[in-house]
Every structure is written in C-alpha cells, then in structure tokens.
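Please read the following model with its strands, its cores and a few individual residues in mind. The questions and answers below take up these topics in turn.

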Amino acid sequence: GRLTFVNAVTAAQTQDDNLDSPNDVLVSPDGQHVYLLSRRGRGVLAYDRDNTTGDLTLIQTVLNGENGDERIIQPQAMILSPDGQHLYVVNSNTDSVTVLSRNNTGELAFVELVQQAINGIDGLDGPSDVAVSPDGTQVFVVSVFGDSMAVFDRNPATGQLTQTQV
C-alpha cells in the first residue's frame, strides 16, 4: 500500500494549455491507457501508459472546436464502459453527453452528442457525473440544476444512447 512517485505531467512541462485545469482522470480496463479531462482546455487527452515504468506518453487530444464542431464544452466528468470500448463525457455548459469510441491503440473518435431538449432528451440540466452499469447496458447521468438523474440504454456495439427514464 505504499505510494512511490513515478512521474509528473504538467502544463508547464509540456507547454500544452490543453492540460490546464484537469478535473477527472481514469485508466482503461486493460491498464494500457490513461485519459485526462481538461475543463479549461475543453477536451480529453489520451496517453499511452508503460506497464513497467508507469510513464505516460501523449497520443491524442480530442478538443472542442476541432473540425468546426462543439462537442466537448466544460467537461465535468467521464467514464469508460466496462468493455473499454466507449468513453462518456458529461458537459456542464452545454447540458450534454459526448459519446466517443475507443480503439485498441487507445485513440478516441466521436460517436454522438446527446443534449438536453434535443430529440426529446430531458434530465441533463447541468450534468455533473456519469456512471455505467456493470453489465454495460445502461448509462446514468446526474444533473445538478435539474435535480435529476437521466437513464439511458446503451448499445454495446455502437455506444449510442437511448433515453429510457428521468
């Protein structure tokens, strides 16, 4: 149970403003990749993780505004599906959930944006946290301003969400 310092990755070291104000981090189920959520950088940074040394190497940044879209704005929290195939990011400023697929190299690709009041979606007013059921069939999003929890069925093949309850 003893902790040993391995390495630090900082915005100052990397001169990367996308690393500014990190507010969530997770490790892929296979232990090969680490994902960092940057609130001010408005995106997700993906790292390869060396299983021997623990060192991290940046492999991708998925940022708001890339390709003229706004898919990740003020990201609040994220979670990987139990199978490691999809990443779900809740965005407090746009009342939305960004769904990203994950390939075997750890890189992410956009799948869909599920947003409050679009296509009948409800219960995403100020989303603050997200969870996936252990069997990977449902996604739960709690929202601060809506005093609610939105429940979605998850398509395990595509990662897409269908709302079933608020």
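Q: How many bridges join strand β5 to β6?
A: This is a predicted model, in which local features need pLDDT of at least 70 and side-chain atom pairs count only at pLDDT 80 or more, while totals for chains, interfaces and linings use all residues. Residues are numbered from 1 along each chain as its sequence is written, and side-chain values use heavy atoms, with hydrogens and water left out. Strands are DSSP runs of E with at least two residues, helices are runs of H or I with at least four, and both are numbered from the N terminus; two strands pair if DSSP finds at least two bridges between them. Strand β5 (residues 75-80) and β6 run antiparallel, and the number of bridges that join them is five.

Q: Which residue takes a positive phi in the hairpin of β5 and β6?
A: Within the pairing of these strands, Leu80 stands opposite Leu87 in β6. The hairpin has five residues between the strands, and the residue with a positive phi, near 75°, is Gly84.

Q: Which strands stand at the edges of the open sheet formed by four strands?
A: The sheet has the order β9-β10-β11-β12, with antiparallel pairing. Each edge strand has a single partner strand, so one side of each is left without a neighbour in the sheet, and these strands are β9 (127-132) and β12 (161-165).

Q: Which residue is the bridge partner of Pro127 in β10?
A: Strand β9 pairs with β10 (residues 138-143) in the antiparallel sense over five bridges. In β10, the partner of Pro127 is Ser143.

Q: Is Ser143 buried or exposed?
A: Ser143 is found in strand β10, and, leaving aside neighbours within four places in sequence, Ser143 is in contact (heavy atoms within 4.5 Å) with residues including Gly123, Asp125, Pro127 and Ser148. Buried means under 20% relative accessible area, exposed over 50% and partly exposed in between, with a 1.4 Å probe and protein chains only. At 5% relative accessibility, Ser143 therefore counts as buried.

Q: How many residues does the largest nonpolar core have?
A: A nonpolar core is a set of buried Ala, Val, Leu, Ile, Met, Phe, Trp, Tyr and Cys residues joined through side-chain atoms within 4.5 Å. Among the residues with the most contacts inside the largest core are Tyr88, Val139, Phe152 and Leu161, and β6 (86-91), β7 (96-102), β9, β10 and β11 (148-154) each supply at least two of its residues. Apart from it lies another core, of 13 residues, among them Leu26, Tyr35, Val44 and Leu100. The size of the largest core is 15 residues.

Q: Which side chain does a polar contact of 2.7 Å join to that of Ser96?
A: Ser96 has its place in strand β7 and, at 0% relative accessibility, counts as buried. A polar contact is a pair of N or O atoms within 3.5 Å; within protein, one must be able to donate a hydrogen and the other to accept it, and residues adjacent in sequence count only if both atoms are side-chain atoms. The side chain joined to that of Ser96 belongs to Thr94.
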